[in-house]
Amino acid sequence: MYQKAILASALATVALAGPGEAAPDQEGAPRDPDQRQVLDLPPDERHLVLEEMRNFLVAMQEITAGLAVEDMQKVADAARRMGGQAANEIPPRVVEKLPDTFKRLAGKVHTTFDRIAMDAESMGDRALSLEQLARLQQQCVSCHATYQIEKRPFETAE
């Protein structure tokens with residue numbers, strides 16, 4: 001309910017701006033229409049976080065491909081690769097810089113992958129796996145609607 005109210009408010013604010021214009025702030029000055037929270041990470045850490053997200057996408061594509069041919073072992077194998085064990089691949093120095101909400105969403109994504117793997121293997125229920133995949137993707141949508149990672153120039157030693 002709270003997220004719907006925030007989204008409605010954000011959409012109403014953006015609607016006040018014309019096409020290609022930034023929505024005004026309270027004082028009427030233009031502001032960036034992208035109001036997602038910025039995760040401020042140096043280039044190497046940004047790369048690690050984005051690489052994990054790309055790996056999520058690869059796993060979801062492989063799950064979808066497995067579901068399309070009713071190969072539940074392929075579904076389980078793809079999901080397991082991005083389960084809880086994959087959460088340990090991000091170094092603690094990076095994790096500690098991330099907001100708690102981001103970390104909770106990421107943790108939920110990893111546990112959802114684990115659940116998909118476990119249920120695909122034990123139950124072999126294609127409809128259940130598809131439903132779980134849809135919920136997983138909703139978690140991704142929620143995170144991407146909340147956060148952004150700006151690209152900063154890579155500093156080289158001269």
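Reader: What share of the contacts in the chain with a separation of 6 or more comes from residues 24 or more positions apart?

Author: That share is 73%. Keep in mind that this is a predicted model.

Reader: Okay, and what is the chain built from, in terms of helices and strands?

Author: You'll find 7 helices and 2 strands. Starting at the N terminus, the order is α-β-α-α-α-α-α-α-β. Of the 158 residues, 32% are buried.

Reader: Let's look at α3 and α6. Why are α3 and α6 called roughly antiparallel?

Author: Look at the angle. Helix α3 (residues 72-81) and helix α6 (residues 100-122) pack at about 155 degrees, and their axes are 8 Å apart. Angles over 145 count as roughly antiparallel, so α3 and α6 get that label. As for handedness, α3 passes α6 in a left-handed crossing.

Reader: Which residues make the contact of α3 with α6?

Author: On the α3 side, M72, Q73, V75, A76, A79 and R80 take part, and they meet F113, I116, A117, A120 and E121 of α6. Sorted by class, that contact holds 8 nonpolar, 1 polar and 2 charged residues.

Reader: Which residues of α6 are buried, and what covers them?

Author: The buried ones are F102, L105, A106, V109, H110, T112, F113, I116, A117, D119 and A120. Their cover includes α2 (43-68), α3, α4 (84-87), α7 (126-146) and β2 (147-148). Here's a handy rule for reading a list like that: an α-helix has 3.6 residues a turn, so residues three or four places apart point the same way.

Reader: What follows α6?

Author: G124 does, and its phi is positive, near 65 degrees.

Reader: What makes the phi of E70 worth a look?

Author: E70 has a phi near 55 degrees, which is positive although the residue isn't glycine. Most residues other than glycine have a negative phi. You can find E70 in the loop between α2 and α3.

Reader: Why does E70 count as exposed?

Author: The cut-off for exposed is over 50% relative accessible area. E70 has 57% relative accessibility, so E70 counts as exposed.

Reader: Which residues make the contact of α2 with α7?

Author: From α2 come M53, M60, I63, T64, L67 and A68, while α7 brings R126, S129, L130, L133, L136, Q137, C140 and H144. By class, this contact has 9 nonpolar, 4 polar and 1 charged residues.

Reader: Why is H144 called partly exposed?

Author: Buried means under 20% and exposed means over 50%, with partly exposed in between. H144, which sits in helix α7, has a relative accessible area of 44%, so H144 is partly exposed.

Reader: What does H144 touch, not counting residues up to four places away in sequence?

Author: H144 touches R36 and M53. Along the chain, H144 and R36 are 108 residues apart, yet their C-alpha atoms are separated by 8.3 Å.

Technical notes:
Residues are numbered from 1 along each chain as its sequence is written. This is a predicted model: local features need pLDDT of at least 70, side-chain atom pairs count only at pLDDT 80 or more; totals for chains, interfaces and linings use all residues. Side-chain values use heavy atoms; hydrogens and water are left out. Axes are lines fitted to C-alpha atoms, for helices over the stretch in contact, and angles run from 0 to 180 degrees between N-to-C directions. Helices (H or I, at least four residues) and strands (E, at least two) are DSSP runs, numbered from the N terminus. Angles under 35 degrees count as roughly parallel, over 145 as roughly antiparallel, 65 to 115 as roughly perpendicular and the rest as oblique. A crossing is left-handed if the near helix is turned anticlockwise from the far one by less than a right angle, and right-handed if clockwise. Contact means heavy atoms within 4.5 Å. Ala, Val, Leu, Ile, Met, Phe, Trp, Tyr, Cys and Pro count as nonpolar, Asp, Glu, Lys and Arg as charged, and the others, Gly among them, as polar. Buried means under 20% relative accessible area, exposed over 50%, partly exposed in between (1.4 Å probe, protein chains only).
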